[in-house]
Amino acid sequence: MAGMIRIWVGAVLGFALQALCLATPAQAAPDGSPVRAVASFSILGDLVRAVGGEHVIVSTLVGPDSDAHGFSPTPADARKLAGADIVFVNGLGLEGWLDRLIRASGTRAPVVVASAGVTPLSVADEHAHEDGGHDRGDHALDPHAWQNVANVRIYVANIRDGLVKVDPGHAAAYREAATAYIAKLDALDRDVRTTIAGIPPERRKIITTHDAFGYFAAAYGLTFVAPQGVSTDSEASPRDVAEIIRQIRRDHIPAVFLENISDPRQMEQIGRESGARIGGKVYSDALSGPAGPAATYLDLMHANLRAFAKALASG
């Protein structure tokens, strides 16, 4: 019955999006008005704002503290796309719902894949053929490339180039903003490496809700273990949870972290049954709200870094 309801809701949404596309065709912004940009999720939206500055109005489809993996678009999201001058997406299979939404909206805006040029990580994933993030075989691409600061330099360059193409009159401003932001990324990368170097090697092990930190692990030398894979679409089984608890005890993993996009109950159970401490909240796939500690990408990375360092310090 639940499956039939989902199919019916999907069909209604599809018809609504198609009708909306006919009612509100995309039009380019008038000369001199701000570029209307749509970003697929909050972290990417912040990067577009950083590069676009006053010349760009940015809206996001998946907002703060929300999960892009299981997002269900609405006709309001189609309206955003239909009125956009440019659309920014992460790619790498993060937005499995987006291609259909773009087609239904009828938008004629160029679509910029911010991760283009990133060397992707692949992960074994039994759901690789279901979530839109597969490449071949039984391996999925890990979409969380922003967790390596070096990759965000590539994101910023792609955002800059996309804005220059749709708004060449402000090309110099976009290039200047991108250069300034990349300098901030360079400083952030140094901070991350310095902080991780101060954590004893035997304590550089963390449990998180889903496997969102593979790029961080590969770049900076922490080990992350998660009961869920790279997508939050499928829940971890009791067997998966039991194996995680055994691994925590066996490998003396000191801390369990709760993600802002996930239900905390499972991780709290793992913490109780394993004896690992709850290291606090980390931000994987979404910013916090404007008043929170991770309202921008730079804030997000610094907040996570503080949480890791505090929980993993000696003692």
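How many salt bridges does the structure hold?

Guide: This is a predicted model, and the structure holds four salt bridges. Side chains of opposite charge can pair when their charged atoms come close. Among the four salt bridges is the one between Asp186 and Arg153, whose closest N and O atoms are 2.7 Å apart. Asp186 belongs to helix H6, which covers residues 171-197, while Arg153 belongs to helix H5, residues 149-166, so this pair ties together parts that are 33 residues apart in sequence. Asp186 has a relative accessibility of 28% and therefore counts as partly exposed, and Arg153, at 25%, also counts as partly exposed.

Arg193 is partly exposed, with a relative accessible area of 43%, whereas Asp189 is buried, with a relative accessible area of 10%; the cut-off for buried is under 20%. A further salt bridge joins Asp161 to Arg160, with 2.9 Å between the closest N and O atoms. Asp161 is partly exposed at a relative accessible area of 35%, and Arg160 counts as partly exposed at 22% relative accessibility.

Staying with helix H6, we can look at a helix that it meets. Two packed helices are described by the angle between their axes and the distance between the axes. The axes of H6 and helix H10, residues 297-312, come within 11 Å and cross at roughly 5 degrees, which makes H6 roughly parallel to H10. On the H6 side the residues that meet H10 include Tyr181, Leu185, Leu188 and Val192, and on the H10 side those that meet H6 include Tyr297, Met301, Leu305 and Ala309.

From the helices we can turn to the sheet. Four strands form an open sheet in the order E2-E1-E3-E4, with parallel pairing. Strand E2, residues 56-62, and strand E4, residues 111-113, stand at the edges with a single partner strand each, so one side of each is left without a neighbour in the sheet. From one strand to the next, the twist averages 25 degrees. Strands of a sheet pair through backbone hydrogen bonds, either parallel or antiparallel.

Strand E1, residues 35-41, pairs with strand E3, residues 86-89, in the parallel sense over three bridges, and Val38 has Val87 in E3 as its bridge partner. E1 also pairs with E2 in the parallel sense, over six bridges, and Val35 stands opposite Val56 in E2. The chain passes from E1 through H2 to E2, a β-α-β crossover that is right-handed. Helix H2 itself, residues 42-52, lies across E1, E2 and E3 and runs at about 175 degrees to E2. Although E2 stands at an edge of the sheet, five of its seven residues are buried, so E2 is largely enclosed by the rest of the structure.

Key. Residues numbered from 1 in each chain as written. Predicted model: local features only at pLDDT ≥ 70, side-chain atom pairs only at ≥ 80, totals over all residues. Heavy atoms only, no water. Pairing = 2+ DSSP bridges. Helix = DSSP H or I, 4+ residues; strand = E, 2+ residues; numbered from the N terminus. Axes fitted to C-alpha atoms, helices over the stretch in contact; angles between N-to-C directions. Contact = heavy atoms within 4.5 Å. Buried < 20%, exposed > 50% of the residue type's maximum accessible area, 1.4 Å probe, protein only. Right-handed = clockwise from strand over helix to strand, strands pointing away. Salt bridge = Lys/Arg side-chain N within 4 Å of Asp/Glu carboxyl O. Parallel < 35°, antiparallel > 145°, perpendicular 65-115°, else oblique.
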